[in-house]
Amino acid sequence: MTTEQPPTAEYRIEDLAHLTGATVRTIRAYQDRGLLPRPERRGRANVYGDAHLVRLRQIADLLDRGYTLASIKELLEAWDAGRDLGGVLGLVAEIDGPWTDEKPTRITRTDLDAAFGGTPDERAVTEAVDLGVLERLPGQEDEFLVPSPQELAVAAELHSAGVPLLAISGHLRELRGQVEHIASRFLDFTTEHVFRTFLHHPPTEAETAEATALVRRLRPLAQQTVDAELARAMRSLATRYIRHHLAEALAPPGQPESGTRPTERSGSAPGAAVRWPEPPVAGARDDGGRPTSGTGVGPRPLPEAAAPEPVAAPRPATGTEAVLLPAASVQAVRDLVGPQRTAAFIAAAAQREVHARTMDALTAAAREPRPAEGDATGP
């Protein structure tokens, strides 16, 4: 007794297009790229079967998941070679999956403006969209998708603390480049020491499952490492900052803080901080009310009585003060006089400029016509 096999379904290319939603042109393009097997030729007609229908539906599903045609071809070739496509897709899905527990949210334009001071700023919104902090929603002008609510909240806090919006976006661009470098190094590191054995041959079903489990285990390690190292660096640097500012605040008046050699700021800051004792100025008095005499470079300042009214008396020197100067200018001075004399040279140049402007002001005031006797008016 023989069991009769059910007849195999047969389709024309137009039937496949109708059943899968693909166009005839697309189906032929898939054939040319090797994604779809060639049909059976019967006389002048091309006949397709259930295998073609299943394959077209697989391609559509993978396209919906975001895979490119090139990667789809590789996955389908793995399937045709007898490997478990489900395992391969599981590995790819694990890698492509979210690397954070954050859930995207939406925010209206009104709420966005309110979170950043209440004043609309089109340029800042454009910057946020370019950076991916906000995503425009098709057909919705007044609402945005927020991929990382935490990142947007940080920006709002920085802005409320006084940081300009464009400074925040510039900082994020710089930070993103540094973080992408860290991510790249982590991937190189794990590839060399963990995943290299899976890359030199098509993985078996067991190897695919093992690699998927490893990705799942290692997924949180990158963020945990960066969090720990950032906390360590912030703790160390914050301690130095506090010590520096406390030492500067508690330094006795008139005595420069120790270790005031010019130092270039690290990172991409465009200047260097230089500290020097504030220069004596005309009209300044000491704690006893006596006019101070000039010290250091430059002429001695005139007594207060000789200073005309147009010259205001700045505050007296109280120690040192940090000033940002272009790094190129500081380096030029350092090359000219040496590292040990850089601060003194810049201080001398500043004092000379201050005295020159004071003398100009005194001269200009002396040239002004004075009212003749009897011309003065009063109550």
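Directly after helix H12, Gly338 adopts a positive phi of about 95°. Helices (H or I, at least four residues) and strands (E, at least two) are DSSP runs numbered from the N terminus. H12 spans residues 327-337, and its buried residues are Val330, Val333 and Arg334; buried denotes under 20% relative accessible area, exposed over 50%, and partly exposed the range in between, with a 1.4 Å probe and protein chains only. These residues cover an arc of only 100° around the axis, which puts them on the same side of H12. The arc is that of the directions from the helix axis to the C-beta atoms. Ala328, Asp335 and Leu336, on the other side of H12, are exposed.

The structure is a predicted model, in which local features require pLDDT of at least 70 and side-chain atom pairs count only at pLDDT 80 or more, while totals for chains, interfaces and linings use all residues. Residues are numbered from 1 along each chain as its sequence is written, and side-chain values use heavy atoms, with hydrogens and water left out.

The chain contains 13 helices and eight strands. Of its 379 residues, 26% are buried. Among contacts in the chain with a separation of 6 or more, 60% are between residues 24 or more positions apart, a contact being heavy atoms within 4.5 Å.

A positive phi also follows helix H1, where Gly21 takes a value of about 85°. In H1 (residues 13-20), Ile13, Leu16 and Ala17 are the buried residues. Viewed down the axis of H1, the buried residues fall within an arc of 100°, so they line one face of the helix. They pack against helix H2 (24-32) and helix H3 (50-64).

The packing angle between H1 and H2 is about 105°, and their axes are 9 Å apart. This makes H1 roughly perpendicular to H2. Axes are lines fitted to C-alpha atoms, for helices over the stretch in contact, and angles run from 0 to 180 degrees between N-to-C directions; angles under 35 degrees count as roughly parallel, over 145 as roughly antiparallel, 65 to 115 as roughly perpendicular and the rest as oblique. On the H1 side, Ile13, Glu14, Leu16 and Ala17 meet Val24, Ile27 and Arg28 of H2. The residues of this contact comprise five nonpolar, no polar and two charged.

The largest nonpolar core has 17 residues, and those with the most contacts inside it are Leu16, Ile27, Tyr30, Leu35, Leu56, Ile59 and Ile72. Such a core is a set of buried Ala, Val, Leu, Ile, Met, Phe, Trp, Tyr and Cys residues joined through side-chain atoms within 4.5 Å. Two or more residues of this core come from each of H1, H2, H3 and helix H4 (69-80). H3 gives the most, with four residues. Tyr30 touches Leu35, Leu36, Leu56, Ile59, Leu63 and Leu69, not counting residues up to four places away in sequence. Another core, of 15 residues, lies apart from the largest one and includes Ile107, Leu112, Val125 and Leu131.

Leu218 belongs to helix H10 (residues 205-218) and is buried, with a relative accessible area of 17%. Its contacts, leaving aside neighbours within four places in sequence, are Phe186, Thr190, Val194 and Phe195. Leu218 and Thr190 are 28 residues apart along the chain, and their C-alpha atoms are separated by 8.7 Å.

Conventions:
Ala, Val, Leu, Ile, Met, Phe, Trp, Tyr, Cys and Pro count as nonpolar, Asp, Glu, Lys and Arg as charged, and the others, Gly among them, as polar.
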